[in-house]
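Thanks for coming, everyone. Let me put the model up, and then we'll walk through it.

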Amino acid sequence: MSHKHDTWGWMLAVDFFFAGMGGAMLCIAGLVDLFGNQPGISLVGNFLGPICIGIGACLLILELGRPFQSWRVFMNPKALLTFGAWNMFIAIVCGLCYASFGIAGIPWQTAAGLRKVLAVICLVCGLVVATYPGILLGQHKSRPFWTGPGMISLFLLSSLVTGFAAHLICGLTTGATGAISLPGAFNGIIAALLAVQLILWTGYVWGKYVYGTSWEVSATRRWVNGDLSSLFKYGFLLLGTLVPLILFLWGGNLEVIAAVLVLLGGLLMRRLVIRGGEERTWLPGEKLYYARLPAGDEDFLKAWDNK
Amino acid sequence: MPRYAMVIDTRRCVGCHSCTVACKIHNELPLDVIYNPVITKGPEGVFPKVRVEYLPLLCMHCENAPCINACPTGASQQREDGIVFVEEDKCVGCKACLMACPYGARVFVPSTGVVQKCNFCMEQVDLGEEPFCVKTCHQKARIFGDLDDENSRVYDLVNRENAEPLLPELNTGAYVFYLRGWEAKLI
């Protein structure tokens, strides 16, 4: 039945991951440039930010029912999705222009004023791109696990921590451009963000489960002791947050492994959040109705349509 | 300009699913698309006081429709008479409206890549007719009309019989109202 397709799929989760990470990478590069007087963190890192947002945008297009009509998402200024699409577009263009300043011998490399302007745009648009999935999900009154402002802080935090981790990997593997000493400068920041992430996520799930509406309690049960609980507890909280937190605090030259775990944790978190949105403000008997509809009938339906 | 609304008297509904079938046939819906399911609440209670309630669902044509604000292409629209509909040529199948609707009234159709929904049979309504689900209901459990018309039955049922929308706490301003209870009345 078509009701099987009534939620967003894994591609949107991967889009949120890449766009959030890329947005945060742009934001961090802009911050370092404006307040640290460094031309970003690494050339690869500066380019990877907008490229990641681009990858996210491509996945978003593939998720659409009519990908070739994707230009239409820019058309309704009242919709949050349209706002997000424009921000992603601006962030990609300005991010690539900003990163190009790191290429040796490029004619506009000495235009420091232009670079600062682009750094400001990258900072603002990057922050918006990193935060906007949380705003988008949080406004859904119909999805009990998402609804409320909590998602905003969770997504912003995850975007920042994955952005820092991605910059760290790029800087350590390809060489930092400025005078920033990696990993020394980032270890403490990432560890602090991971600690906050651990506390906020535990608090969010606990708050929804204990103080939420009946729909919120029902939706959160999947995270506490349902089908999402193992991946949430052992995959995201333990392997994706606590283990890298310990590795960063320990500082035993395992920063790259810790950063990769952070990225995997961020990806898993978004997949779990999208799956958490499968729960709606169900009416009594509604779930039972849809459960009784035929399953595994795709071949029959296809043959029927082609008849 | 009228403001169309529907009242569903669940006390009269016997759960025959005729409205579901009529809707599918007259709107020529694909085999796997249902605009107005009839869900069953219950049975509840202990014999001899056992109760079952049938709850026909459809698009609520909300005043503050969250689906319209969510749509990035402007495909989801609302007419002046309150009917919410999808302009399929503009729809890109992003499912934003589908995720925003608290009533599950929208269906994504993979074969066309667009989202479809009940539109109160607006072509029929424009001809002065009633939606097919209303015409079909032999129990007269569905009542359709202009809520701004003080002489209409819909106005009477909403204002005097206290028909209420589903999920009022979400403040969507639904324009499908339900009369719920256990005593059937002749109307």
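When I say contact, I mean heavy atoms within 4.5 Å. One caution before anything else: this is a predicted model.

Let's start with the interface. On that contact criterion, 41 residues of chain A meet 46 residues of chain B. How much area do chain A and chain B bury between them? About 3600 Å², and 62% of it is on carbon and sulfur atoms. The size of an interface is often given in just this way, as the accessible area lost when the parts come together.

Now the polar side of that interface. How many salt bridges are there between chain A and chain B? The count is zero. Polar contacts are another matter: 18 residue pairs make them across the two chains, with both partners at pLDDT 80 or more. On the chain A side, three helices each supply at least two residues: α3 (80-100), α10 (286-292) and α11 (298-305). By type, the chain A residues that touch chain B split into 18 nonpolar, 14 polar and nine charged.

Next, one residue at that interface. Find Trp8(A), in the segment before α1 (10-36) of chain A. Is Trp8(A) buried or exposed? Its relative accessibility is 5%, and the cut-off for buried is under 20%, so Trp8(A) counts as buried.

Lys95(B) sits in the loop between β5 (84-86) and α3 of chain B. With a relative accessibility of 8%, Lys95(B) counts as buried. Look at its backbone too. Phi of Lys95(B) is near 70°, a positive value in a residue other than glycine.

Cys121(B) is in the loop between β7 (114-117) and α4 (122-126) of chain B. Cys121(B) is buried, with a relative accessible area of 8%.

While we're on backbone geometry, the peptide bonds. Most residues other than glycine have a negative phi, and most peptide bonds are trans. Which peptide bond here has omega near 5°? The one from Gly42(B) to Pro43(B), and that bond is cis. Pro43(B) belongs to strand β2 (residues 38-44) of chain B. Then there is the bond joining Phe47(B) and Pro48(B), also cis, with omega about 10°. Pro48(B) lies in the loop between β2 and β3 (51-56) of chain B.

On to the packing. In soluble globular proteins, nonpolar side chains tend to be buried together. Which members of the largest nonpolar core touch the most other members? Met151(A) and Trp201(A), out of 92 residues. Helix α3 of chain B, through residues 96-100, gives this core its largest share, five residues. Zoom in on Met151(A). Leaving out residues up to four places away in sequence, Met151(A) touches Gly134(A), Leu137(A), Gly138(A), Phe145(A), Trp146(A), Trp201(A), Tyr204(A) and Val273(A). There is also a second, separate core of 30 residues, and its members include Ile28(A), Val32(A), Ile169(A) and Leu247(A).

Ser158(A) lies in helix α5 (residues 150-174) of chain A. At 0% relative accessibility, Ser158(A) counts as buried. What does the side chain of Ser158(A) make a polar contact with? The side chain of Arg270(A), at 2.8 Å. Beyond four places in sequence, Ser158(A) also touches Gln197(A), Gly266(A) and Met269(A), among others.

Last one: Thr172(B), in the loop between α6 (153-160) and β9 (176-179) of chain B. Thr172(B) has 6% relative accessibility and counts as buried. Setting aside residues up to four places away in sequence, Thr172(B) touches Cys62(B), Glu63(B), Asn64(B), Ala65(B), Pro66(B), Pro102(B) and Tyr103(B).

That's the tour. Over to you for questions.

Key:
Residues numbered from 1 in each chain as written. Chains lettered and ligands numbered in written order. Heavy atoms only, no water. Buried area = accessible area lost by both parts, 1.4 Å probe. Salt bridge = Lys/Arg side-chain N within 4 Å of Asp/Glu carboxyl O. Polar contact = N/O pair within 3.5 Å; in protein donor to acceptor, adjacent residues only side chain to side chain. Helix = DSSP H or I, 4+ residues; strand = E, 2+ residues; numbered from the N terminus. Nonpolar A, V, L, I, M, F, W, Y, C, P; charged D, E, K, R; others polar. Buried < 20%, exposed > 50% of the residue type's maximum accessible area, 1.4 Å probe, protein only. Core = buried A, V, L, I, M, F, W, Y, C linked by side-chain atoms within 4.5 Å.
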